[in-house]
Amino acid sequence: MRILSLVVGALLVGGVLSIRAQESTPAPEDVAAGLRIYRQKADCQSCHGWAADGHKMDSQMPDGANLRTTKLDRAKLIMAIKCGVPGKQMPAFDKFAYTDGRCYNLKQADLVKMNAVLPDPPTTLQNREIEQLADFLFAKVVGKAPMDRAKCIEFWGSDVSTCAEFPKP
């Protein structure tokens, strides 16, 4: 319970910083880089699904949150990517998470004491990559309507077989 309170508190504090960050429009190349990170490097789609709607790609991976309906703002989402969510299946993608208190004011020893396990990420991400991932998510996913055929084609770059599940307009 203590860890949940600390995580929620840190996410709330981060919300103040996010208002300014959400006002600017990301560069198209940053959005494209974020998509590549989502699909390939960080392999977010394994848990969150290719459409980021919580329909995972790999039956062995844990169920990820529906990022299309998330209420997290930019700062809170970045914190969740960097630090993971202790006690849940979201890994920390910051190489130094829980080494120096940067994540929710906790260190690895604190997580051990609380029996809050974090899975290993497929890779670590640099701060700029985390920013690009957030750029992609806020430009194309967060707060957007459910996936449809047009968005599917845009996502994959062509009318791939996956898009057949969506009716033609």
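1. Let's start at N105, which is found in the loop between helix 4 and helix 5 (108-113). (Helices here are DSSP runs of H or I with at least four residues, strands are runs of E with at least two, and both are numbered from the N terminus.) Phi of N105 is near 65 degrees, a positive value in a residue other than glycine. Most residues other than glycine have a negative phi. N105 counts as exposed, at 67% relative accessibility. (Exposed is over 50% relative accessible area, buried is under 20% and partly exposed is in between, with a 1.4 Å probe and protein chains only.)

2. A word on what you're looking at: this is a predicted model, where local features need pLDDT of at least 70, side-chain atom pairs count only at pLDDT 80 or more, and totals for chains, interfaces and linings use all residues. Residues are numbered from 1 along each chain as its sequence is written, and side-chain values use heavy atoms, with hydrogens and water left out.

3. Now A52, another residue with a positive phi, about 60 degrees, although it is not a glycine. A52 sits in the loop between helix 3 (45-48) and helix 4. Is A52 buried or exposed? A52 is buried, with a relative accessible area of 1%.

4. Stepping back, the chain has 7 helices and 0 strands. Of its 169 residues, 41% are buried. Take the contacts (heavy atoms within 4.5 Å) between residues at least 6 apart in sequence: 56% of them join residues at least 24 apart.

5. Which residues have the most contacts inside the largest nonpolar core? They are Y38, W50, I81, L125, L133, F136 and L137, in a core of 28 residues. (Such a core is a set of buried Ala, Val, Leu, Ile, Met, Phe, Trp, Tyr and Cys residues joined through side-chain atoms within 4.5 Å.) Helix 2 (28-41), helix 4 (74-83), helix 6 (127-140) and helix 7 (149-156) each give two or more residues to this core, and helix 6 gives the most, with 5. Apart from this core lies another one of 11 residues, including C83, Y98, L111 and A116.

6. Leaving aside neighbours within four places in sequence, L133 touches G34, I37, Y38, C44, I81 and L125. A32, in helix 2, is 101 residues from L133 in sequence, but their C-alpha atoms are 9.0 Å apart in space. A32 is partly exposed, with a relative accessible area of 32%.

7. Next, helix 2 against helix 6: their axes come within 7 Å and cross at roughly 100 degrees. (Axes are lines fitted to C-alpha atoms, for helices over the stretch in contact, and angles run from 0 to 180 degrees between N-to-C directions.) So helix 2 is roughly perpendicular to helix 6, a label for 65 to 115 degrees. By class, this contact has 9 nonpolar, 2 polar and 6 charged residues. (Ala, Val, Leu, Ile, Met, Phe, Trp, Tyr, Cys and Pro count as nonpolar, Asp, Glu, Lys and Arg as charged, and the others as polar.)

8. Finally, helix 4 packs on helix 6 at an angle of about 130 degrees, with the axes 10 Å apart. That makes helix 4 oblique to helix 6; oblique covers what is left once angles under 35 degrees (roughly parallel), over 145 (roughly antiparallel) and the perpendicular range are taken out. Among the residues that meet here are L77 and I81 in helix 4, and I130 and L133 in helix 6.
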